Amino acid sequence: MSVKTEDLKKEKKANRLWAYKKLGFSKLETAELVSAMNELLANYHVHFQKLRNYHWNVKGSDFFDIHEKFEEQYEEAFNNIDEIAERVRVFGYQPTSTLKEYLEMSEIKETEKELTGMEMVAEVLRDFEILLSYMVDVADAAIEVGDVGTEDMINSFIKKMEKSHWMFTAFASNK
Ligand SMILES: [Fe+2]
């Protein structure tokens, strides 16, 4: 290896270390972002349990469609929830972790009466809209502190949920 290449390599390494340090955030810097992620986490958990409820209890001619599609949704919710909570840990905070807190914090509420399959779909669509607004809050907070990692994570969740919103809307439409 020539001296020049060696120097270049060293310089690159030095820059990388410097860049990495620049990517670190103080606890104070991420406080608002973490709070937005915890709000999203609470809503996501209630939504997750609603999907399980509907997956188990749906009846009627749309049973197979709804039963299967809600399973796909709760699997996605399960994975996203885990990513959000672990992102909170990355910043040195503890994610909100109890059902009691989720129920208190969540804007998404459980449904009390028995719903028809299409009422379940409408309810899930409303949940998506609430979740999307909390996701946008997380994206805004991430952009505010220049946190491209969280921004990237949340953007992928938003894109997927928007697509699901379109699909469920099309399924619920009778035109
Ligand atoms: Fe199942």
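Residues 24 or more positions apart supply 76% of the protein's contacts with a separation of 6 or more, where a contact means two C-beta atoms, placed from the backbone, within 7 Å. Keep in mind that this is a predicted model, in which local features need pLDDT of at least 70 and side-chain atom pairs count only at pLDDT 80 or more, while totals for chains, interfaces and linings use all residues. Residues are numbered from 1 along each chain as its sequence is written.

Which elements make these contacts? The protein has 6 helices and 0 strands, in the order α-α-α-α-α-α along the sequence. Helices (H or I, at least four residues) and strands (E, at least two) are DSSP runs, numbered from the N terminus.

Now for the overall dimensions. The C-alpha trace spans about 75 × 35 × 25 Å along its principal axes. The radius of gyration, taken over C-alpha atoms, is 21 Å, whereas a compact globule of 175 residues would be near 16 Å by the rule of 2.2 Å times the number of residues to the power 0.38. Of the 175 residues, 30% count as buried; a residue is buried if 20 or more other C-beta atoms, placed from the backbone, lie within 10 Å of its own C-beta.

Let's follow helix H3, residues 63-90. After H3 comes Gly92, with a positive phi near 85 degrees.

How do H3 and H6 meet? Their axes come within 11 Å and cross at roughly 165 degrees, with axes being lines fitted to C-alpha atoms over the stretch in contact and angles running from 0 to 180 degrees between N-to-C directions. H3 is therefore roughly antiparallel to H6, a term for angles over 145 degrees. The crossing is left-handed: the near helix is turned anticlockwise from the far one by less than a right angle. At this meeting, Gln73, Glu76, Asn80, Glu83 and Arg87 of H3 face Thr150, Met153, Phe157, Lys160 and Ser164 of H6.

H2 and H5 form another pair, packing at about 165 degrees with axes 9 Å apart. These two helices are therefore roughly antiparallel, and their crossing is left-handed.

Methods:
A residue is buried if 20 or more other C-beta atoms lie within 10 Å of its own, exposed if 12 or fewer, and partly exposed in between; C-beta atoms are placed from the backbone. Angles under 35 degrees count as roughly parallel, over 145 as roughly antiparallel, 65 to 115 as roughly perpendicular and the rest as oblique.
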